[in-house]
Amino acid sequence: MPSSAGAYCVGVERAPGALRAAGLVEQLRASGTDVVDAGDLTTRLWFPDRERPFAQNLGEEADALVELSTAAASLLAADQRLLVLGGSCTVAFGLCDAMARAGERPRLVYIDRHLDLNTPRSTTEGSLSWMGMAHALGLEGAAPELVDLMYRTPLLRPSELVYLGVDLSRETTDWERGQAAEHRIAVVDQTALCDDPRRAAADARRILASGPFLVHLDVDVLDFLDAPIAENVNGRNSGPTIAILGQALGALLEDPDCWGMSIGQLDPAHASADRTAIPRLVSVLVSALSST
């Protein structure tokens, strides 16, 4: 899903191509994994939307999510695993909608430094990638143009979402913390993820009800100094390394009930500062996806 429409600026739309160029598909096949590359959806670019500054590129983002959900719904199945390469973090929103369209209740482990529970009313930033889960939950102030597009409203119930890796003290807004507390949304925080990644991942999975679930990875959960690959550059000297993240992903993806995973917020321009970073990420993705 090569779209930056809901991001902060252009860049993340190049992530799928960068992951392919780093050998993701070839390395998965070499590991013995049967891979079908379903190709790219429409490329959509961020632009400064001055008519809707607090929900920028809303129409483009709505079109992107419908396109993803429609395409992904036919690919999701119990005996397969779907990997969706974003793009902005709203890719998780579209993948959850695809699971609903496929006839299953979506459940999501959301790996991120942030909660993404803001709305166009709670922040002036205007980036929908900082608002994806607010729209999936149908929170007050969310844009109805996105909420009402989904297969069901709200798309996710609070009990169907658990966070892994959030930096609650520094990287969340008062609004987000209030919403998480009010709706009793579970958070396994950054410290837990870094101290014992497999246990933290297992705890996150255990919080969700049994049955099919999805994983979303926002690469800004990573320590930016270990892996300068995220659109957001604020995560310096905190968060997991790629190696630590790999342990958590392995614990989640080895579960046969994991139907799919999405990746968001990777900016190849930033990754050029450390040319080992994307290959290292590809290596842990291959290891985790090949673990079943």
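Thr-123 is placed in the loop that runs between strand 2 (108-111) and helix 5 (132-137), in a model that is predicted. The relative accessible area of Thr-123 is 11%, and the residue is therefore classed as buried, the cut-off for that class being under 20%. Its side chain reaches the backbone nitrogen of Glu-125 at 3.1 Å. When residues up to four places away in sequence are not counted, Thr-123 touches Phe-54, Asn-118, Trp-130 and Met-131.

The C-alpha atom of Met-133 is separated by 7.0 Å from that of Phe-93, although the two residues are 40 residues apart along the chain. Phe-93 is also one of the residues that Met-133 touches, residues up to four places away in sequence not being counted, and the others are Ala-92, Leu-108, Tyr-110, Leu-115, Asp-116, Leu-117, Leu-156, Leu-161 and Tyr-163.

Helix 3 comprises 16 residues (residues 58-73), which at 1.5 Å a residue should span 22 Å, and the C-alpha atoms at its ends are 22 Å apart, in agreement with that expectation. The buried residues of helix 3 are Leu-58, Glu-61, Ala-62, Ala-64, Leu-65, Leu-68, Ser-69, Ala-72 and Ala-73. Because these residues cover an arc of only 165 degrees around the axis, they lie on the same side of helix 3. In an α-helix there are 3.6 residues a turn, so residues three or four places apart point the same way. The buried residues of helix 3 pack against strand 1 (82-85), helix 4 (91-101) and helix 6 (144-147).

Key: Residues numbered from 1 in each chain as written. Predicted model: local features only at pLDDT ≥ 70, side-chain atom pairs only at ≥ 80, totals over all residues. Heavy atoms only, no water. Helix = DSSP H or I, 4+ residues; strand = E, 2+ residues; numbered from the N terminus. Expected span 1.5 Å × (residues − 1). Buried < 20%, exposed > 50% of the residue type's maximum accessible area, 1.4 Å probe, protein only. Arc of directions from axis to C-beta. Contact = heavy atoms within 4.5 Å. Polar contact = N/O pair within 3.5 Å; in protein donor to acceptor, adjacent residues only side chain to side chain.
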